[in-house]
Amino acid sequence: MQGSGGFEYSAAPRSVAVKRSKYRDPSSSSVDKSQNLMFDRRIVRGSTFAGGKPAPESMDAKPKLKKKPSPSELPPQRNDRPATPPPMDGRQHMDIQTENYLEELTDKVPEMDVETQTEAFLDQLPVPTFVPQKSGTDASTQIEAGDLFDFDLEVAPILEVLVGKALEVSVMEVLEEEEIKEIRLRQDIFEQQRNAELAEVQRLEAEAKRKYDEKQRRLEEEKARLVAQSELQEKLAARSFAKHYLSDLHSSVFTNLVTTGHFQDPLEREVKDAFVPFLLRKACTNVDQIVFARALADLVVADTMARKLPETRS
């Protein structure tokens, strides 16, 4: 905008552009994690007279590793050692020893046998048993018969206990045997009763099964009878219907068949097919014979008349 006295410029207010973020990103490698000058690698610490390391261009700069050149990139090596001249015609080079002491060269490794014998050890003596040294004074005493124990007096209660225990055990065994005998008798009686009950149950089951089978058989027979009766009724009804239906048809059919010549009288057929043709043939034969006989008679008469006429005229 231009005014009267000079140049003026005005713009709308705006926020200042922030080049860095408000919070540091821990995962970002471009942000320096430490802001302490003691950890800044660009600051040289130590004596000012000592030669310090040059500060790197960047804190994150990494040392560059020298790449090992490949064999093709290496310069060719020069062998300054003079080579052995080639042999003359008819000769050849061979390896020889130039040491002061000659040694035989062979492919076989030298071998030798060496033996040794160990000395036999003597049997070790057994270790003696350790016997501790006695301490104190040995003493002894003598007890006469009857001083400490009276057998007849002391054995009586023991015998009473043993005999009483034996009698008690014997009585218990007898009672157990009687009880076992009674139990076995009761078991036998129970077995007999159970066997009788089982036999009765089996008999009842067999009777019930027999009755059931008889009932099923009777039902099957009744069903078969009803089926047969229904079939018989159907057959009778069909027969009566067919008889009623074919009563007039039978006569008309036979009449038509007789009329058309399918049914003929055997005598009439025999007369018509055999006797009449035979009779006709015989009649024809007889007629032919009669005609022939008459013709012969006429010839004979004519011949006779022909012979008699001249005689009569003369």
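A search of the whole structure, which is a predicted model, finds 10 salt bridges. One of the salt bridges joins the side chains of Glu-214 and Arg-217, and both of these residues belong to helix α1.

- Side chains of opposite charge can pair when their charged atoms come close.
- In the salt bridge between Glu-214 and Arg-217, the distance from N to O is 2.2 Å.
- Because Glu-214 and Arg-217 lie 3 residues apart in helix α1, about one helical turn separates them.

**The course of α1**
- Helix α1 covers residues 151-260, and its 110 residues reach 151 Å from the first C-alpha to the last, which is close to the 164 Å expected at 1.5 Å a residue.
- At Leu-246, α1 bends by about 45°.
- Just after α1 comes Gly-261, which takes a positive phi of about 95°.

**Charge on the surface**
- A patch of negative charge on the surface is formed where Glu-173, Glu-176, Glu-177, Glu-178 and Glu-179 gather.
- Glu-179, one of the residues in this patch, is found in helix α1.

Note on methods:
Residues numbered from 1 in each chain as written. Predicted model: local features only at pLDDT ≥ 70, side-chain atom pairs only at ≥ 80, totals over all residues. Heavy atoms only, no water. Patch = residues over 30% accessible without salt bridge, like charges linked within 9 Å, V, L, I, M, F, W, Y side chains within 5 Å. Areas by Shrake-Rupley, 256 points an atom, 1.4 Å probe, with all protein chains shown as cover. Salt bridge = Lys/Arg side-chain N within 4 Å of Asp/Glu carboxyl O. Lys, Arg positive; Asp, Glu negative; His and termini not counted. Charge placed at Lys NZ, Arg CZ, Asp CG, Glu CD. Helix = DSSP H or I, 4+ residues; strand = E, 2+ residues; numbered from the N terminus. Expected span 1.5 Å × (residues − 1). Bend = angle between axes of the 7 residues up to and from the residue.
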